[in-house]
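Try each task before you read its solution.

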Amino acid sequence: MKHINHSPSRRYIEVVAISIFVTIISFVMPLVWNRCTELPTDMQDWSNQEKNLVEALVPFRCVAGKEYNEVASLIFTDADTAIKQLFHFREAGQDDSSTFSSAALFLFFVPYVFMATIVYGIAIPSGLFVPSLLSGAAFGRLCGHLLHKLDHTSGTFADSGTYALMGAAAVLGGMARMTISLTVILLEATGDMQYVLPLMLTLMAARFTGNVFNEGLYDIHIKLKNIPFLEPEVPTIAERHEIVAGQVMSTDVKCLRPVERAGVVYELLRNYSHGTFPIVDTASQGTLYGTASRSMLCTLLQRRAFGSPDVLSEYDGCGSLGPKRLSPLVQWDTIVRAYPCYPTIDDVEMRPGDENCWLDLRPHANTAPHTVNETASIQVG
């Protein structure tokens, strides 16, 4: 994350520059191809979907209605239309002019993968799901086309559209490392159960091959952004040394008392980004009273649900307070009503004198939090 540009102006310039670069490359690629292919005429056995895909072919610098540009038909059309063309266009042989040639697929695949990789890292919402499908379909169809050429159209290998489907599954599975869910998604898209076994084998091979080099892209992003994510499996070092919970837990825990000064709560939320804080009764030898969520604390501060500094001189434990509330009660439905746009600490305005006011957290605390003994094994926890 240290290499990410955090300046808004530089991010804007970066987006504009990359947009211009991608636009130029996307326009130059069909110009470089500069070859016109005749539209298929013998379409008696073709389905209506295939005939509609023929009408979507782009006649860039070609005679409209008679010819089309193969590279432009993949770039200048919508991504879903290009994927359908790669999946459904028939591969009848080495000299079939109704399909995408090997050179056109190669000229499209290499720059497209490069541009998709660059665009994914800039400061705009851009995914990799559809680009992975499209680039994988192009690469798979390229492999199928080459196999048909090597076989001299004797019918040994499957149709190139099948190889396009497997290529799309391989690239997407290698990026996301999904297996079962992606198999179901692609089966729902194709509606043909005969692809179950090939898709499963392809996705498993893509996952195992990718795991040899690195983790999945989403797992890498979780670590780059320092998102607290608990893996389903315990690290091998923990199993080898039989590590317990007390050896991995934090010792400098930021806690609150059941009745706390509003200024203390405000400074704690301002300086630390934890989502939940433990409430510990320091007057009774550190007894865990419960937990308080960050959203709840911010809501209480924003609504000024704290009592006067005169209601209590100094906190000396819950036992001496009794059931008396020291601050106004905010109903739970009022707190959850703001979901998912809970107030943040930046929305809280502290006035002069508010720091010494008392905030009674007892009515709002979660008094039954999940706890783990410090001697418990982390494999069990």
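**Exercise 1: the overall form**

Compare the radius of gyration of the chain with that of a compact globule of 381 residues.

Solution. The chain has a radius of gyration of 31 Å, whereas a compact globule of 381 residues would have one near 21 Å. This radius is taken over C-alpha atoms, and the globule rule is 2.2 Å times the number of residues to the power 0.38. Next, look at the box: along the principal axes, the C-alpha atoms fill roughly 90 × 50 × 40 Å.

This is a predicted model, in which local features need pLDDT of at least 70 and side-chain atom pairs count only at pLDDT 80 or more, while totals for chains, interfaces and linings use all residues. Residues are numbered from 1 along each chain as its sequence is written, and side-chain values use heavy atoms, leaving out hydrogens and water.

**Exercise 2: helices, strands and burial**

Find how many helices and strands the chain has, and what share of its residues count as buried.

Solution. Start with the DSSP runs (helices are H or I, at least four residues; strands are E, at least two; numbered from the N terminus). They come to 15 helices and 6 strands. Then take burial (under 20% relative accessible area; exposed is over 50%, partly exposed in between; 1.4 Å probe, protein chains only). Of the 381 residues, 38% are buried.

**Exercise 3: Leu107**

Solution. With a relative accessible area of 23%, Leu107 is partly exposed.
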